[in-house]
Amino acid sequence: MTARWNFDKPHRCPDCHAIAIDLERPKPWRIYTCCRCGTRFTRWPHLAWLLPSAGIRCSEHRPHTARTHTRRTR
Ligand SMILES: [Zn+2]
Ligand SMILES: [Zn+2]
């Protein structure tokens, strides 16, 4: 099931409020995945079946295949 993001804070997970999108400006036509709790969220959940999934867009927790220039130290 896909949740609807908070309109005032679309870059945050609507469930746990972690910052799940900091690699790009949140786009309403994509489905994002929270890096902390795994919740999938988008602007229009009822359209989720036709929206592409952007996956995790958090610079700290994204998969290893991503670019390295924004990598942070722990
Ligand atoms: Zn979350
Ligand atoms: Zn994260």
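This is a predicted model: local features need pLDDT of at least 70, side-chain atom pairs count only at pLDDT 80 or more; totals for chains, interfaces and linings use all residues.
Among the contacts in the protein chain with a separation of 6 or more, 38% join residues 24 or more positions apart. Of the 74 residues in the protein chain, 19% are buried.

**The strands**

Read from the N terminus, the order of elements is β-β-β-β.

The 4 strands form an open sheet. Across the sheet, the order is E1-E3-E2-E4. The pairing is mixed. Which strands lie at the edges? They are E1 and strand E4 (53–55), and each of them pairs on one side only. On average, neighbouring strands of this sheet are turned by 35° against each other, with direction ignored.

Now take one pair. E1 and E3 run parallel, and 3 bridges join them. One residue pair shows the link: Ala-3 has Phe-41 in E3 as its bridge partner.

Met-1 sits in the segment before strand E1 (2–4). Is Met-1 buried or exposed? Met-1 is exposed, because 6 other C-beta atoms lie within 10 Å, and a count of 12 or fewer is the cut-off for that class.

Arg-36 lies in a loop. That loop runs between strand E2 (31–33) and strand E3 (40–42).

Which residues does Arg-36 touch, leaving aside neighbours within four places in sequence? Arg-36 is in contact with Cys-13, Cys-16 and Ala-18.

Both residues can also be placed by a distance to a partner elsewhere in the chain. The table gives the C-alpha separations.

| Residue pair | Separation along the chain | C-alpha distance |
|---|---|---|
| Met-1 and Thr-39 | 38 residues | 8.4 Å |
| Arg-36 and Asp-15 | 21 residues | 10.0 Å |

**Putting it together**

Met-1 comes before strand E1 (2–4), and the C-alpha atoms of Met-1 and Thr-39 are 8.4 Å apart. E1 itself runs parallel to E3, with Ala-3 bridged to Phe-41. Further along, Arg-36 is found in the loop leading from strand E2 (31–33) to strand E3 (40–42), and its contacts include Cys-13.

Notes:
Residues are numbered from 1 along each chain as its sequence is written. Chains are lettered from A and ligands numbered from 1 in the order in which they are written. Helices (H or I, at least four residues) and strands (E, at least two) are DSSP runs, numbered from the N terminus. A residue is buried if 20 or more other C-beta atoms lie within 10 Å of its own, exposed if 12 or fewer, and partly exposed in between; C-beta atoms are placed from the backbone. Two residues are in contact if their C-beta atoms, placed from the backbone, lie within 7 Å. Two strands pair if DSSP finds at least two bridges between them. Axes are lines fitted to C-alpha atoms, for helices over the stretch in contact, and angles run from 0 to 180 degrees between N-to-C directions.
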